[in-house]
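Please read it with the sequence and the structure at hand.

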Amino acid sequence: MTRRSRLAALVAVAALAAAGCANNDAKEKDVVNAMRDAGLDADQAKCVGDGVWDEFGDDQDTVNDIAAADDTDDFPEDTEDEIRRILDRCLGRTPSGSDTTGTSEPGGSTTTTAG
């Protein structure tokens, strides 16, 4: 994870952890509100909230563990990469280590060009 991506994830996690402390079970709106508190605009915050909930929402324990993390190193096993992908997608960043960009085409196909 690049330094900038890691910093964004840390800020997001700190905000999410603060939201998770308010009640026992973190909910999608808590993720969205935490992302807004971390400085994301409404669309970005909704995108992250939707992404986290779509990926982990069926496992409340995992959502709570993500919300309780003080640092990206504290994420539950095997969740950091997906959280990083969600942040990259929602913040319009190219994933670290990638020199190509993919564009979704109607019908689910992807066009990839060298960048």
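## Overall make-up

Buried residues, meaning those under 20% relative accessible area, make up 35% of the 115 residues in the protein chain; exposed means over 50%, and partly exposed lies in between, with a 1.4 Å probe and protein chains only. The secondary structure comes to five helices and two strands, and read along the sequence the chain follows the pattern α-α-α-α-α-β-β. Helices (H or I, at least four residues) and strands (E, at least two) are DSSP runs, numbered from the N terminus.

Because this is a predicted model, local features need pLDDT of at least 70 and side-chain atom pairs count only at pLDDT 80 or more, while totals for chains, interfaces and linings use all residues. Residues are numbered from 1 along each chain as its sequence is written, and side-chain values use heavy atoms, with hydrogens and water left out.

## Salt bridges within helices

The structure holds three salt bridges, a salt bridge being a side-chain nitrogen of Lys or Arg within 4 Å of a carboxyl oxygen of Asp or Glu. In general, side chains of opposite charge can pair when their charged atoms come close. In helix H3, Lys46 and Asp50 lie four residues apart, about one turn of the helix, and they form a salt bridge whose closest N and O atoms are 2.8 Å apart. Lys46 is partly exposed, with a relative accessible area of 43%, and Asp50 also counts as partly exposed, at 23%.

Helix H5, residues 80-90, holds Asp81 and Arg84, which are separated by about one helical turn because they are three residues apart; the closest N and O atoms of their salt bridge are 3.1 Å apart. Asp81 is partly exposed at 43%, whereas Arg84 is buried at 15%. Glu82 and Arg85 are likewise three residues apart in helix H5, and therefore about one helical turn, and their salt bridge has its closest N and O atoms 3.1 Å apart. Here Glu82 counts as buried, at 18% relative accessibility, and Arg85 as partly exposed, at 41%. An α-helix has 3.6 residues a turn, so residues three or four places apart point the same way.

The buried residues of H5 include Ile83, Ile86, Leu87 and Cys90 as well as the charged Asp88. Just after H5, Gly92 takes a positive phi of about 70 degrees.

Asp25, Asp54, Glu55, Asp58, Asp59, Asp61 and Asp65 form a negative surface patch. Patches are made of residues with over 30% relative accessible area and no salt bridge, like charges being joined within 9 Å, and the place of a charge is taken as CG of Asp or CD of Glu. The elements that give two or more residues to this patch are helix H3 (42-56) and helix H4 (60-68). Asp65, which has its place in helix H4, is partly exposed, with a relative accessible area of 42%.

Asn64 also lies in helix H4, but Asn64 is buried, with a relative accessible area of 17%. A polar contact of 2.8 Å joins the side chains of Asn64 and Asp25, where a polar contact is a pair of N or O atoms within 3.5 Å and, within protein, one must be able to donate a hydrogen and the other to accept it; residues adjacent in sequence count only if both atoms are side-chain atoms. A polar atom of the Asn64 side chain also lies 2.9 Å from the backbone nitrogen of Ala26.

Note on methods:
Patch = residues over 30% accessible without salt bridge, like charges linked within 9 Å, V, L, I, M, F, W, Y side chains within 5 Å. Areas by Shrake-Rupley, 256 points an atom, 1.4 Å probe, with all protein chains shown as cover.
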